[in-house]
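Biologist: I am new to this structure and would like to know what stands behind the words used for it. Please show it, and then I will ask.

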Amino acid sequence: MTGQELTDLYFARSEQAVEATQAAYGAYCRAIALGILGCEEDAEECLSDVWLRVWNAIPPERPEHFKGWLAAVTRNQALTLRRKRARQPQTVDDAALELAVDLGGGPAEDLEGKELGRLISQFLAGQPEANRNLFLRRYWYGDTVEEAARRAGWSVGRAKSGLHRMRKKLRDYLIKEDYLL
Amino acid sequence: MKQEQIMDAMNYIDPALVEAADCCGPEVRRKKWRKPVLIAACLCLALAGTALAAELAGVRISWTGPDSEEWLKENDVAYTVENRLAYFPLDSFSAEITTLSSEVQNKTVSWPFVSWDELEEYLGRNVLDNTVLDEAARGPDITFQGSRGKRTNILLMAHFNDQGLACITANSNHLIDGIQIGAGVQLYTELMQTPVEARGGQDPGIVTANEGEEFSFAEVYTTPNGVEATITQKTDASSGIRETYAYYAHFNVNGVGFYVTAECYPVDYTPETLPDDPAYTLSVLKEVLDGFVFEPAA
């Protein structure tokens with residue numbers, strides 16, 4: 001079932017909507033939640049909240065990219081639960097720290113997450129697909145470098161190099177846009 | 001910037017990009033027979049990417065990585081080999097070579113030869129003796145600047161800096177049972193000052209990787225006469241059809257740097273009979289390494 005068809009089910013307030021979403025994207029969302037929470041039990045709890053949130057959000061929302069939107073809902077929910085649990089899975093933290101350190105300081109530190117997210121999206125849209133995906137696997141999905149490399153079919157060394165280059169390019173981009181010093 | 005800020009910002013990344021990132025490339029298919037080298041490869045991968053330098057036997061291998069200056073300048077450099085090379089006095093070479101050193105600057109000059117003996121006679125010193133290569137078939141031609149149609153499988157190159165002759169490299173191509181062997185030496189003279197510049201970009205100590213090629217440390221091999229060669233493996237998946245393998249061995253003896261490469265060469269072989277089993281390629285490489293004969297240090 002496509003994202004569009006799933007969205008239509010939600011708009012029709014069909015009871016099948018949640019079940020069909022779970023069938024299509026349950027494993028995908030579980031992997032995202034598990035990557036952030038690092039615990040099966042918490043991931044299950046997170047997903048229960050996700051299905052409810054999706055049900056409440058559509059309508060009125062009609063996401064253009066259902067899968068990506070669902071992933072963001074899952075990630076957000078997992079981060080919220082993580083803060084509540086005060087648990088810190090290593091890979092997600094390491095990834096965020098890696099990026100934070102390389103970006104350094106400047107006006108971007110005062111940016112709202114939404115604005116910074118928009119800038120990063122803009123930057124990523126202009127990058128080669130393979131590098132963009134590698135970046136997102138590492139910093140969005142929280143994959144380890146090894147996992148991200150395996151998924152891309154790259155060596156770990158090449159993935160590390162690619163990520164390093166992407167972080168540097170992002171920093172240059174934010175400097176050019178006057179958000180970093 | 002703070003970790004939490006990055007994590008929040010990530011939540012506002014365009015869902016279309018996030019979605020697309022879940023569909024990226026498949027896992028690389030690994031062949032079962034690669035397992036024997038996995039431990040070595042893992043060791044290499046742990047080192048790669050962080051510009052770590054490992055002291056491995058007689059040579060020092062520096063894997064280039066995102067933090068190394070080398071990588072930033074030349075991101076196709078897979079690794080560099082730091083041989084402990086001697087700086088030979090100019091008068092230890094033939095009169096012809098010495099004379100050239102006073103006449104030529106900032107240039108690389110190449111000469112083709114039909115044998116190592118002939119090359120050594122011209123150079124004025126013994127550089128490479130190998131009983132296995134003596135028996136090997138002639139390998140593919142080496143292309144070189146200014147060849148004017150000359151074909152050779154043994155080439156001498158002299159690299160002149162602004163002072164004169166700084167570095168000499170010589171290499172040859174051979175075939176042994178479907179495996180192409182490349183063998184070469186590198187010598188510095190007393191005029192060597194800034195190695196990379198003076199070597200004219202043709203330094204056998206700088207190993208580059210083309211798109212689709214990966215290098216990893218394979219092993220340190222000790223020959224019966226006590227030479228310790230550091231061997232790396234190259235995996236090339238660029239054809240998109242099958243992975244091919246090559247091995248590079250580096251070592252130095254008496255202040256001279258040596259390298260030997262081995263890879264399958266598809267002459268007279270069909271795709272089905274191509275001898276591209278890496279274990280076989282490695283065994284031929286070791287056979288060649290065993291064939292080196294060295295004079296005692298002066």
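Biologist: Which residues of helix 8 of chain A are buried?

Modeller: In helix 8 (residues 145-152) of chain A, the buried residues are A:Val145, A:Ala148 and A:Ala149. They lie on the same side of that helix, because the arc they cover around the axis is only 100°. The arc is taken from the directions that run from the helix axis to the C-beta atoms. Buried means under 20% relative accessible area, exposed over 50%, and partly exposed in between, with a 1.4 Å probe and protein chains only. Helices are DSSP runs of H or I with at least four residues, strands are runs of E with at least two, and both are numbered from the N terminus.

Biologist: What are the ground rules for the model and its numbering?

Modeller: This is a predicted model, in which local features need pLDDT of at least 70 and side-chain atom pairs count only at pLDDT 80 or more, while totals for chains, interfaces and linings use all residues; side-chain values use heavy atoms, without hydrogens and water. Residues are numbered from 1 along each chain as its sequence is written, and chains are lettered from A and ligands numbered from 1 in the order in which they are written.

Biologist: What covers the buried residues of helix 8 of chain A?

Modeller: The cover includes helix 7 (129-139) and helix 9 (156-176) of chain A.

Biologist: Why are helix 8 and helix 9 of chain A called roughly perpendicular?

Modeller: Their axes are 9 Å apart and meet at an angle of about 105°. Angles of 65 to 115 degrees count as roughly perpendicular, under 35 as roughly parallel, over 145 as roughly antiparallel and the rest as oblique. Helix 8 and helix 9 of chain A are therefore roughly perpendicular. On helix 8 of chain A the contact (heavy atoms within 4.5 Å) is made by A:Val145, A:Glu146 and A:Ala149, and on helix 9 of chain A by A:Val156, A:Ala159, A:Lys160 and A:Leu163.

Biologist: What makes B:Thr230 count as buried?

Modeller: B:Thr230 has 0% relative accessibility, so it counts as buried. This residue lies in strand 12 (residues 228-236) of chain B.

Biologist: Why is B:Thr261 called buried?

Modeller: The relative accessibility of B:Thr261 is 14%, and therefore B:Thr261 counts as buried. B:Thr261 is in strand 14 (residues 256-264) of chain B. Leaving aside residues up to four places away in sequence, B:Thr261 touches B:Gln180, B:Ile181, B:Gly182, B:Tyr247, B:Tyr248 and B:Leu285.

Biologist: How much of chain B counts as buried?

Modeller: Of its 298 residues, 53% count as buried.

Notes. Axes fitted to C-alpha atoms, helices over the stretch in contact; angles between N-to-C directions.
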